[in-house]
Amino acid sequence: MACILNIETSTSVCSVAVVDEGHVIWNEEDHSGPNHAVSLGVYVDQALSFIDNSGLQVEAVAVSSGPGSYTGLRIGVSMAKGVCYGRDAKLIAIPTLQAMCVPLLLGESVEEDALLCPMLDARRMEVYAAVYDRALREVRATGADIIDENSYKEILDEKVVYFFGPGASKCKEVITHPNARFIDDMEPLAKDMAPLATKCFYRQEFEDVAYFVPFYLKEYQAALPKKLV
């Protein structure tokens with residue numbers, strides 16, 4: 001059995017879900033603002049009580065690994081590691097942008113050859129974004145993009161691209177290519193990590209609990225001289 005605790009704290013939304021064999025059996029979300037320091041511990045306690053009362057065992061903890069809020073990711077990863085140590089569970093890292101594609105693929109009618117571009121808001125006209133195909137293969141790696149009228153033009157000239165997520169709304173008036181499609185009101189949520197976390201579990205794609213760091217620290221490590229890493 002694969003009972004996985006999912007934690008998502010990359011934006012102002014805090015969410016926790018319990019997934020059993022790929023199905024979400026418990027879920028809580030706080031959309032009222034960046035309240036991770038308060039809400040996350042409460043939700044995790046409730047989720048663990050639900051798991052215990054259901055006669056299940058936490059086999060793994062899946063955490064959104066970024067990009068996203070520095071503080072949110074730090075709180076989420078710290079909590080995930082604590083549960084892993086306390087429950088002797090495996091750690092699974094789910095890229096935030098990839099997880100954001102799941103509800104779009106499950107709920108929207110997306111053209112077979114269309115591409116997906118989830119976006120997280122950075123500052124001014126900057127976003128963190130990646131581009132995936134419908135099989136969630138990476139077409140363009142995660143990067144920090146400054147948005148202007150030529151952003152993603154080479155890709156848009158070839159295919160329809162769906163833009164969505166907290167960073168997409170400010171791009172609507174700038175990216176006006178006829179192949180650009182915008183989807184509103186899509187946030188990264190723990191429940192949407194379910195299929196990706198379950199796949200990682202059965203493929204045994206686990207992280208080292210002691211040494212795993214979220215996206216923002218990986219960027220920092222990559223910039224350090226090798227002798228310091």
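Visitor: In what order do the strands of the open sheet of five strands stand?
Guide: This is a predicted model, in which local features need pLDDT of at least 70, side-chain atom pairs count only at pLDDT 80 or more, and totals for chains, interfaces and linings use all residues. Residues are numbered from 1 along each chain as its sequence is written, and side-chain values use heavy atoms, with hydrogens and water left out. Strands here are DSSP runs of E with at least two residues, helices are runs of H or I with at least four, and both are numbered from the N terminus; two strands pair if DSSP finds at least two bridges between them. With mixed pairing, the order of the open sheet is E8-E7-E6-E9-E10.

Visitor: Which strands stand at the edges of this sheet?
Guide: A strand at the edge has a single partner strand, so one side of it is left without a neighbour in the sheet. The strands at the edges are E8 (138–146) and E10 (180–183).

Visitor: How many bridges join strand E6 to E7?
Guide: Strands of a sheet pair through backbone hydrogen bonds, either parallel or antiparallel. Strand E6 covers residues 115–121 and runs antiparallel to E7, and Leu116 stands opposite Tyr132 in E7. The number of bridges that join E6 to E7 is four.

Visitor: How many aromatic pairs does the structure hold, and what is the angle between the planes of Tyr128 and Phe215?
Guide: Rings of Phe, Tyr and Trp (its six-membered ring) pair if their centres lie within 6.5 Å, and planes under 30 degrees apart count as stacked, over 60 as edge-to-face and the rest as tilted. The structure holds five aromatic pairs. Tyr128 and Phe215 form one that is edge-to-face, 5.6 Å centre to centre, and the angle between their planes is 85°.

Visitor: How many residues apart in sequence are the parts that this pair ties together?
Guide: Tyr128 lies in strand E7 (residues 126–132), whereas Phe215 lies in helix H6 (residues 215–223). Phe215 is buried, with a relative accessible area of 19%. The pair therefore ties together parts whose separation in sequence is 87 residues.

Methods. Buried means under 20% relative accessible area, exposed over 50%, partly exposed in between (1.4 Å probe, protein chains only).
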